[in-house]
Number of protein chains: 2
Amino acid sequence: MTSPVLLDRADLHVSLADPALLSMNFLNEVAGRYPEAISFAPGRPTEETFDVADLHRYLDAYARHLAEDKGYDEVRVRRELFQYGRTKGIVHELIARQLELDEGITVDPEAIVVTVGAQEALWLVLRALKAAENDVVLAVTPAYVGLTGAARLLDLPVRSVPEGPHGLRPEDLIDRIRAVRAAGERPRALYLVPDFSNPSGHSLDLATRHRLLEIAAEEDILLLEDNPYGYFRAADGGRLPTLKALDTGQRVVHVGSLAKTCFPGARVGFAVADQQVAGPGGGLLADELSRAKSMVTVNTSPVSQALVGGMLLEHGGSLLRANERPIAVYRRNLDCLLKGLQRRFSALPGVSWNTPSGGFFVVVTVPFPVTDALLEDAAVRHGVLFTPMRHFGDDARSARQLRLSCSYLTTDQIESGLDRLSDLIAEHLRAAPDA
Amino acid sequence: MTSPVLLDRADLHVSLADPALLSMNFLNEVAGRYPEAISFAPGRPTEETFDVADLHRYLDAYARHLAEDKGYDEVRVRRELFQYGRTKGIVHELIARQLELDEGITVDPEAIVVTVGAQEALWLVLRALKAAENDVVLAVTPAYVGLTGAARLLDLPVRSVPEGPHGLRPEDLIDRIRAVRAAGERPRALYLVPDFSNPSGHSLDLATRHRLLEIAAEEDILLLEDNPYGYFRAADGGRLPTLKALDTGQRVVHVGSLAKTCFPGARVGFAVADQQVAGPGGGLLADELSRAKSMVTVNTSPVSQALVGGMLLEHGGSLLRANERPIAVYRRNLDCLLKGLQRRFSALPGVSWNTPSGGFFVVVTVPFPVTDALLEDAAVRHGVLFTPMRHFGDDARSARQLRLSCSYLTTDQIESGLDRLSDLIAEHLRAAPDA
């Protein structure tokens, strides 16, 4: 009998105790402790359209596709689903077709890497781009914690480009790039969510999109475009092209999530990385990402890929079409949330919120600090959960903001949740009227 | 129109052009170019027992388990399969029970992290353990390329502990630890496959297992035990306990793969990491791995987990029972391969091979270099593929060895493949009889 090992935290990688990684944990843990609370916290898709029978049907649809469209015999179909598979994935052609249909993005399927969710895609891109000690990534902030966390695992510094009240300003990006360079660092890419950003809800207008592409070329950086919410516009029409759709110089690495447009449980996302790599063994950046992927997850589960593939096939290859019902749910919910905020808070001094034209998130500003203690209090005494914006940015503004997600609630839950939030806010305004 | 970006290889992470990562690519690429060749190369499980109908049945079995054993209502079952889930996984209790039943390992399910294959588990452990610049991992070599590759992605040096002709010698480990320390490096763990190792086929005897646990405690390192092949013993009885089953001091992080015992397409593996972590926020090492996982893959697909969970449930929770047919196939194949080698090569000077008592792999030594060019030649002119051992180790012995995997072939294919290999070897012996 030997005495049991006791590992010291200092002997584990520093990222594991980083606020970015602890945040996610803390937020999940709070949500787990108060399962009865109405939660405006998670960016989950609606559950109203899920049905276990779908899984069986999608699987069969994909197996039929392999047999009928690809001409695979039974042994090959079985092998495709059960065995190890192509590192870059097996639904790359379906994804390329979907991007063409829904986004007007024309891309060689070979430039697509199918990943274990968009998170793996982000991690792989950051891994590839961190080559030198002084490499950094820029991120529009407040930023999705998954970007920050992935960078932490790689000891890759994240330099923030703070959003203005209406989102990213191109001149702020230029200033930041120059300041970063002046400090001896090399900015490799700018991470951003151009449509209905998480957490801020902001979208970029068309002129800003074009300007960002120019800046990327002038300053020799890449744009790391994350697009989980682009299909969830609150009103018909007027969807703006993604950066990738406008990208004539391969400045954009486009990361897609199928968590919101198919379902999170598949854990399927992808990167479009059509950049050429010079030098020996050069090819597409996608092939570099693939090599890294082979040493992290080997390949994305072909059964998971078959499920999203089957879902795509059922809807003529289009995610917009596959998401007609969810899009209607999100419109209904965002409308309900924004009207509910208006009704309850428009007369309250110091309380304001933005009005995104789509997506899952609205940010509310209050005249008192939104701390983790406040969140606990909201859960215990009011039965309502949200996300303190300080988990996404450490600026003074974020410290008094909370993010509300309305994507997976019913309208009744949204109304009750807002009533509870209203009680909480009223209480704090009484306690510190001029805070 | 801007001119397209051209990335320079030197501006991408150095691991992406590392031999360990290029090896895997090269080997897959050769296999892809010669689909008609008989391939002794991949460590794939047998396909004889796969059936697409199984996937539907496993999924239903798991959904039934959630409803009947866990008491989940329909909404909760749907949520469990479709939504984001617990980072450490949802089949941890089934895995804990399986380890108890099949291995005599008693472990708190909370100490298990379900991962996207064993590869992600290896990566996470290495990520957690690389805390300081001088940290290194030790590996019994020739080593599985997935370990080396995962380490490369982390800039973590791998220091090899070469196997003797009969496998790892404990005194070599002690020598190596001391040499590494003398060079100013800190060894964190020793990676090893105690049963039917990939690529060498070696197994550790019981005395060596006990001795390694003592050394780990004395030298304050962890043992990173990878166990993909342990159930595939060629003769009944006599299975030795895993290191984890003997581990009274939490010196062993046990990594399990369900790729061989369930199926690779699920991409489900796990780590048992029951080590305590001291310091603020301390808990189990599993929770540290979980935090890292949340920033790489978020969680392992719950549908994939449901498939392996359903398979376990169908066999009373035991992988040994679930694998009765595959085990019989592997026994038949290994027997066929070893007898075939004996019949063809026992009279050839300088040709020898080991005789593992289970697993997927046999290593053949020949009196000429086994290069990638030889592999190409074997594919083109003889229609047979294998893996040059130089992909797993850079020593002089490996340079003249090839690995034969017999796991997913039929006995007819094994016989024909050996005939082809025999032609190749005879040709080279004639060309360089005393090489």
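The structure is a predicted model, in which local features need pLDDT of at least 70 and side-chain atom pairs count only at pLDDT 80 or more, while totals for chains, interfaces and linings use all residues. Residues are numbered from 1 along each chain as its sequence is written, chains are lettered from A in the order in which they are written, and side-chain values use heavy atoms, with hydrogens and water left out.

**Domains of chain A**

Domain 1 of chain A covers 9-49 + 323-431, and domain 2 covers 55-321; such bounds come from an automatic or database domain assignment. Taken over C-alpha atoms, the centres of the two domains are 26 Å apart. Each of the two contributes 31 residues to their contact, where contact means heavy atoms within 4.5 Å. The buried area between these domains is about 2600 Å², with 58% given by carbon and sulfur atoms. Buried area is the accessible area (1.4 Å probe) that two parts lose on being put together, summed over both. On the domain 1 side, A:Asn323, A:Arg331 and A:Phe392 lose the most area to domain 2, together 24% of what that side buries. A salt bridge joins the side chains of A:Arg152 and A:Asp18 at 2.8 Å, N to O.

**Chain A against chain B**

In the contact between the chains, 91 residues of chain A meet 91 residues of chain B. The two chains bury about 8300 Å² between them, 62% of it on carbon and sulfur atoms. Within chain A, the residues that lose the most area to chain B are A:Phe82, A:Tyr84 and A:Met295, together 11% of what that side buries. The chains share 6 salt bridges, one of them between the side chains of A:Glu288 and B:Arg9 at 2.5 Å, N to O.

**Cysteines**

The count of disulfides over all chains is 0, a disulfide being a pair of cysteine sulfur atoms within 2.5 Å.

| Cysteine | Closest cysteine sulfur | Relative accessibility |
|---|---|---|
| A:Cys336 | A:Cys406, 8.2 Å | 11% |
| A:Cys406 | A:Cys336, 8.2 Å | 1% |

The sulfur of A:Cys336 is 8.2 Å from that of A:Cys406, and so too far for a bond. A:Cys336 counts as buried, and A:Cys406 is buried as well; buried means under 20% relative accessible area, exposed over 50%, and partly exposed in between (1.4 Å probe, protein chains only).

Terms used: A salt bridge is a side-chain nitrogen of Lys or Arg within 4 Å of a carboxyl oxygen of Asp or Glu.
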